[in-house]
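Good morning, and thank you for coming. Please look at the display first.

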Amino acid sequence: MIGFVGGTGPEGRGLALRFALAGETVMIGSRDLGRAEEAVNSVSESAPPGSIRGGLNDQIAANSDIVFVAVPFAGHQPTLEGLRDQLDGKIVVDVVAPLTFSRGQVSAIVVDEGSAAQQAQAILPNSRVVAAFQNISAEDLLIPDRAIDSDVIVCSNDSEAKAQIIALANIINGARGVDGGKLENARYVENFTALLLNINRIYKAHSTIKIVGI
Ligand SMILES: NC(=O)c1ccc[n+]([C@@H]2O[C@H](COP(=O)([O-])OP(=O)(O)OC[C@H]3O[C@@H](n4cnc5c(N)ncnc54)[C@H](OP(=O)(O)O)[C@@H]3O)[C@@H](O)[C@H]2O)c1
């Protein structure tokens, strides 16, 4: 079971939809049961029956084997602190890119720990934190038949967890999981999202990332 904390936003719903389309059972989490149900309804029509369910964040964190964290950076630390027990021993996939938006410019927020993912590992020392999917556009994920022509760079200090998430990235139509090394490298992937969003504004496009030469 794959769960999404903060799954009601476009990124959580988009990834949940793609994994459901690939045959996984997913749970969309929220701080509010009504919002979770609304989010499930918004994507279920495109997915196999029964493959997407909803619930409260803490229930989903407790009941999932792999837990995605898809909240805005402002809610990242308090959300994870509140779920420490439920996330003990679990694979926690952090998709958060800490960004600020001001006067047409997107900028990366400097995180004391180095990156959102490293902050997650500091808050959750007993969880297997993996950083991934920060560069994948939610808008594209939410169009079920659109191929995601992109690499997904996956960083973690836990090799086995990292391999599982690379395999998960590979089941999304068009996407390719790439081993991005240690969790320390997550900062480069998170920060690169700011550049991609600024490029998107210039070209009025959905840019993404592909690694060549490997
Ligand atoms: N959007 C993209 O294209 C994209 C692409 C790559 C990565 N990301 C990353 O993915 C994450 C989610 O993006 P998004 O656009 O889906 O975000 P979002 O819509 O702003 O937020 C996702 C969900 O998080 C919950 N939430 C909001 N504020 C919160 C808080 N202070 N504390 C706890 N929960 C809170 C809300 O769910 P409830 O109210 O239902 O609890 C909300 O629906 C972000 O960190 C972003 O950097 C986004």
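How many bridges join strand S1 to strand S2, and do they run parallel or antiparallel? Strand S1 (residues 2-5) is joined to strand S2 (residues 26-30) by 3 bridges, and the two run parallel. Ile2, for example, stands opposite Val26 in S2.

Before I continue, two remarks on the basis of this talk. Residues are numbered from 1 along each chain as its sequence is written. The model is predicted: local features need pLDDT of at least 70, side-chain atom pairs count only at pLDDT 80 or more, and totals for chains, interfaces and linings use all residues.

Helices (H or I, at least four residues) and strands (E, at least two) are DSSP runs, numbered from the N terminus. Two strands pair if DSSP finds at least two bridges between them.

Let us now take the sheet as a whole. It is an open sheet of 8 strands in the order S3-S2-S1-S4-S5-S8-S9-S10, and its pairing is mixed. Strand S3 (52-56) and strand S10 (176-179) stand at the edges with a single partner strand each, so one side of each is left without a neighbour in the sheet.

S1 and S4 pair in the parallel sense over 4 bridges, and Val5 has Val69 of S4 as its bridge partner. S5 and S8 run parallel and are joined by 4 bridges, with Val93 partnered by Val130 in S8. S8 and strand S9 (residues 151-156), by contrast, pair in the antiparallel sense over 2 bridges, and Val130 has Ser156 as its bridge partner in S9.

What of the side chains? A residue is buried if 20 or more other C-beta atoms lie within 10 Å of its own, exposed if 12 or fewer, and partly exposed in between, with C-beta atoms placed from the backbone. In a regular strand the side chains alternate between the two faces of the sheet. In strand S4 (residues 66-69), Ile66 and Phe68 point one way and Val67 and Val69 the other, and all are buried. Strand S8 (residues 128-131) is likewise covered on both faces: Arg128 and Val130 are buried on one side, Val129 and Ala131 on the other.

I turn to the helices. In helix H7 (residues 159-170), the buried residues are Ala161, Lys162, Ile165, Ile166, Leu168 and Ala169. They cover an arc of only 160 degrees around the axis, which puts them on the same side of H7; the arc is that of the directions from the helix axis to the C-beta atoms. The face turned away from that buried side carries the exposed residues Ser159, Glu160, Ala167 and Asn170.

Finally, Ala62 lies in helix H3 (residues 57-63). Is Ala62 buried, exposed or partly exposed? Ala62 counts as partly exposed because it has 17 C-beta neighbours inside 10 Å. Thank you.
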